[in-house]
Amino acid sequence: MFGSEENRDVLLAFLNRTFTEAGKPLLSDIILLNPYTDKDSPRDKQSILDIRAKTTEGEIINVEMQLFNKYDTEKRTLYYWSKQYSTQLQESQPYNQLKRCVTINIINFALLPNTLYHNVFHLREDRTGIPLLDDIEIHFLELPKLDEQAVSLEQGGLVNWLLFLKGVDQTKWEVLTMNEPVLKKAMNTLEFLSQNEEARRQYEARQRYLHDEASMYEAAKVAEAKGWAEGEAKGKADSKKETALKLLALGIELSVITEATGLSVEEIQKLKPLQ
């Protein structure tokens, strides 16, 4: 819906709603760029961005969408931003040629410790708040924090775009477009893609991949928690045995050792040959 040339006006409308809510000036036009960033050397990590565009002033905008929390989101964001910023210069160009880079993260999970669905970050001095420079701007749009019951569907603006992306019921689409007419084109594109057999096949393949990936993350978390619990239990058992051995060496009665360690008399007696 956003990354194709024929829907460039849809992307522009979405960006302008995002920047308007953040108190930024509107964009007059954008140019879609190759989402693959250049590598400085063959060993460099290749960055593949979801949507990459340039404004008429030469500023770079990257829109990223994440369905699942893959963790290290903040570091991933800074890494992508730095690649955009650093690869602007050609050989022998001065640093003043560097343009502002903006990253917009649309995420389907809560990340930041507040209730705001739209957070914007810049580089500021801690005590006075003065900006170092305006070249870095990072937005986080957290869909789970947007409660459709608490907002008016008729108010327009960024909220309507995010409700659409969040998957608001299709019966409410017409209300969303009342003050956001460009949203209608995005909705038509989505409907066309859902009816196109090849696009649907690619979408379903992508969904399977995402679900498989989410399952792997969940399995890894469960395995890690299980390993931690087993290790902790083994550590406690070993500690009890070690304490029991020390008490046995001091000639302490079995009843006292049992009370002190929680081990049974039989378990303690099995330790005796290990002395």
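The legends below describe close-up views of a predicted model.

**View 1. Overall course of the chain.**
The protein in this predicted model contains eight helices and six strands, and along the sequence these elements follow the pattern α-β-β-β-α-β-β-β-α-α-α-α-α-α. Of its 275 residues, 34% are buried. When contacts between residues at least 6 apart in sequence are considered, 52% of them join residues at least 24 apart.

**View 2. The six-stranded open sheet.**
The six strands of this open sheet are arranged in the order β1-β2-β3-β4-β6-β5, and their pairing is mixed. Strands β1 and β5 (118-124) stand at the edges with a single partner strand each, so one side of each has no neighbour in the sheet. From one strand to the next, the twist averages 20°. Strands of a sheet pair through backbone hydrogen bonds, in either the parallel or the antiparallel sense, and the next two views show an example of each sense.

**View 3. The parallel pair β4 and β6.**
Strands β4 and β6 run parallel to one another and are joined over seven bridges. Within this pairing, Val-102 stands opposite Glu-137 of β6.

**View 4. The antiparallel pair β5 and β6, with its hairpin.**
Strands β5 and β6 run antiparallel and are joined by six bridges, with Val-120 placed opposite His-139 of β6. The hairpin formed by these strands has six residues between them, and in this hairpin Gly-129 takes a positive phi near 80°.

**View 5. Helix α2 against the sheet.**
Helix α2, which comprises residues 73-86, has 14 residues and reaches 20 Å from its first C-alpha to its last, close to the 20 Å expected at 1.5 Å a residue. The helix lies across β2, β3, β4 and β6, and runs at about 130° to β6. Its buried residues are Thr-73, Thr-77, Tyr-80, Trp-81, Lys-83, Gln-84 and Tyr-85, and these pack against β2 (51-55), β3 (60-66), β4 (101-107) and β6 (131-142). As a general point, an α-helix has 3.6 residues a turn, so residues three or four places apart point the same way.

**View 6. The largest nonpolar core and a separate one.**
The largest nonpolar core has 35 residues, and those with the most contacts inside it are Leu-11, Phe-14, Leu-15, Ile-104 and Leu-176. Two or more residues are given to this core by each of α1 (8-21), β1 (30-32), β2, β3, β4, α3 (158-166), α4 (173-177) and α5 (183-195), and the largest share, seven residues, comes from α1. Apart from this core lies another, of eleven residues, which includes Cys-101, Ile-107, Phe-109 and Phe-140. In soluble globular proteins, nonpolar side chains tend to be buried together. For Ile-104, leaving aside neighbours within four places in sequence, the residues in contact are Leu-15, Thr-18, Phe-19, Ile-61, Asn-62, Val-63, Glu-64, His-139 and Leu-141.

**View 7. The salt bridge between Arg-17 and Glu-180.**
Among the ten salt bridges that the structure holds, one is formed by the side chains of Arg-17 and Glu-180, at 2.7 Å from N to O. Arg-17 lies in helix α1, whereas Glu-180 lies in the loop between α4 and α5, so the pair ties together parts that are 163 residues apart in sequence. Arg-17 is partly exposed, with a relative accessible area of 31%, while Glu-180 counts as buried at 4% relative accessibility.

Arg-100, at 13% relative accessibility, counts as buried. Through salt bridges that share partners, Lys-24, Glu-59, Arg-100 and Glu-137 are joined into one network.

Key: Residues numbered from 1 in each chain as written. Predicted model: local features only at pLDDT ≥ 70, side-chain atom pairs only at ≥ 80, totals over all residues. Heavy atoms only, no water. Helix = DSSP H or I, 4+ residues; strand = E, 2+ residues; numbered from the N terminus. Expected span 1.5 Å × (residues − 1). Buried < 20%, exposed > 50% of the residue type's maximum accessible area, 1.4 Å probe, protein only. Contact = heavy atoms within 4.5 Å. Core = buried A, V, L, I, M, F, W, Y, C linked by side-chain atoms within 4.5 Å. Salt bridge = Lys/Arg side-chain N within 4 Å of Asp/Glu carboxyl O. Pairing = 2+ DSSP bridges. Axes fitted to C-alpha atoms, helices over the stretch in contact; angles between N-to-C directions.
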